[in-house]
Amino acid sequence: VDVLKLVASLVRSSTLPSLLHLSLARSSLSSSDIDALSTLLSASEKVSINLSDNGLSTDALTTVLSGAARSSRSSNLDVDFSYNDCSGGAAQVLHAVNVARNVIRCLNLRLTKLSLSDKHELFIGLKKQKQLRQLVLSFESANPKRSVDKQLKLTMTALHELLLGGIVEKLAIYSNPPKYALTHHLYLLLSNLSNYSSLRYLDIYGNLIGDEGAVLLGEQLGESGCVLETLHIDRNDIS
C-alpha cells in the first residue's frame with residue numbers, strides 16, 4: 001500500500017468526513033506515512049483506524065493521535081494498535097492517549113509488550129478518559145513467582161476500579177493458555193459484574209477460570225445489576 005498517495009487522495013476527497021474505517025495492518029508504515037495519517041485524522045470525524053502489526057512504537061502512536069487533537073470535528077476515534085511495541089511503558093502510552101484530548105472510544109493494546117506494572121499504571125490513567133468505551137488487551141506474564149502474583153493482584157484491582165467508573169462498555173482480555181492464563185486472578189472481575197453499570201460485552205478467551213470461576217460468573221449473571229449482553233468464554237476449562 002502506498003500510504004502517502006492513499007492519504008493524499010483521501011484528504012482531497014470531499015467525502016473524507018464520512019470515512020469510517022481505515023485498515024493499514026501489516027503495511028510497513030514509515031515515519032512519513034505516520035505523519036500523513038496524523039494529517040488525515042486532523043480532517044476527519046468518526047474514524048476507526050487499524051495500525052496493528054506494523055512494528056510501531058508509542059512515539060508513532062503519539063504522532064497519529066496528535067492529528068485527532070488538531071481536528072475540530074473529531075469525536076469518536078477507534079484505534080487498533082495491537083501487535084506493536086509499547087515496551088517504552090505506560091507513561092508513553094498515556095501521553096499518546098492524552099494527546100488525543102479525550103476522543104478515543106476504543107483502544108486495542110493486545111500483545112504490545114506492556115509489562116504488568118505498565119498495565120497497572122495504564123488502568124489508573126485511563127480512568128480520566130471519559131470517552132473510552134472499549135478496551136482490548138492481553139496478558140503475557142502469568143509467571144507463578146510471588147512478585148508476579150502480587151503485581152497481578154494490583155493490576156486486576158486497578159482494572160476493577162476502572163470498570164467501576166461506569167464508562168467501559170466492552171472489555172476483551174485474551175490469554176494463550178495454559179502458560180499465560182489469568183485463572184483465579186480474574187475472579188475479582190467475575191464476582192463484581194453486577195457492579196459494572198456500563199459493561200455489556202465481555203470476552204475472557206483462554207483464561208482457564210475453571211468451574212469455580214464459572215460459578216462466580218453464573219451468580220453474577222443472575223443479579224439485577226448485571227447488564228452484560230454478550231459473553232465469550234471459550235477455552236476456560238469449564239466442565
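Trainee: How many disulfides does the count come to in this predicted model?

Mentor: A disulfide requires a pair of cysteine sulfur atoms within 2.5 Å. The sulfur of Cys-106 is 14 Å from the closest cysteine sulfur, which belongs to Cys-86, and this is too far for a bond. By this rule the count comes to zero disulfides.

Trainee: Is Cys-106 buried or exposed?

Mentor: A residue is classed as buried when its relative accessible area is under 20%. The relative accessibility of Cys-106 is 10%, so Cys-106 counts as buried.

Trainee: In what order do the eight strands form the open sheet?

Mentor: Strands of a sheet pair through backbone hydrogen bonds, either parallel or antiparallel. Here the pairing is parallel. Strand S1 (21-23) and strand S8 (230-232) stand at the edges with a single partner strand each, so one side of each has no neighbour in the sheet. The order of the open sheet is S1-S2-S3-S4-S5-S6-S7-S8.

Trainee: Which residue is the bridge partner of His-21 in S2?

Mentor: S1 pairs with strand S2 (residues 47-50) in the parallel sense, over three bridges. In S2, the bridge partner of His-21 is Ser-48.

Trainee: Which residue in S5 stands opposite Leu-107?

Mentor: Strand S4 (residues 104-108) is joined to strand S3 (residues 77-80) by four bridges, and Leu-107 in S4 is the bridge partner of Val-79. S4 also pairs with strand S5 (residues 134-138) in the parallel sense, over three bridges. In S5, the residue opposite Leu-107 is Leu-135.

Trainee: What is the handedness of the β-α-β crossover from S4 to S5?

Mentor: From S4 the chain passes through helix H5 (residues 116-126) and then reaches S5. With the strands pointing away from the viewer, a clockwise path from the first strand over the helix to the second is called right-handed. This β-α-β crossover is right-handed.

Trainee: How many of the five residues of S4 are buried?

Mentor: Strand S4 is mostly covered. The number of buried residues among its five is four.

Trainee: What arc around the axis do the buried residues of H4 cover?

Mentor: In helix H4 (residues 90-99), the residues Ala-90, Val-93, Leu-94, Ala-96 and Val-97 are buried. They lie on the same side of H4, because the arc they cover around the axis is only 155 degrees.

Trainee: Against which elements do the buried residues of H4 pack?

Mentor: An α-helix has 3.6 residues a turn, so residues three or four places apart point the same way. In H4, the buried residues pack against helix H3 (58-70), S4 and H5.

Trainee: Which residues does Gln-129 touch, not counting residues up to four places away in sequence?

Mentor: Gln-129 is in the loop between H5 and S5. Its relative accessible area is 5%, so Gln-129 is buried. Leaving out residues up to four places away in sequence, Gln-129 touches Val-97, Asn-98, Asn-102 and Ile-167.

Trainee: Is Ser-28 buried or exposed?

Mentor: Ser-28 is found in the loop between S1 and helix H2 (31-42). Although Ser-28 is not a glycine, it has a positive phi of about 50 degrees. A relative accessibility of 65% means that Ser-28 counts as exposed.

Trainee: What is the phi of Thr-183?

Mentor: Thr-183 lies in the loop between strand S6 (170-174) and helix H7 (187-190). At 25% relative accessibility, Thr-183 counts as partly exposed. Thr-183 is not a glycine, yet its phi is positive, at about 45 degrees.

Note on methods: Residues are numbered from 1 along each chain as its sequence is written. This is a predicted model: local features need pLDDT of at least 70, side-chain atom pairs count only at pLDDT 80 or more; totals for chains, interfaces and linings use all residues. Side-chain values use heavy atoms; hydrogens and water are left out. Buried means under 20% relative accessible area, exposed over 50%, partly exposed in between (1.4 Å probe, protein chains only). Two strands pair if DSSP finds at least two bridges between them. Helices (H or I, at least four residues) and strands (E, at least two) are DSSP runs, numbered from the N terminus. The arc is that of the directions from the helix axis to the C-beta atoms. Contact means heavy atoms within 4.5 Å.
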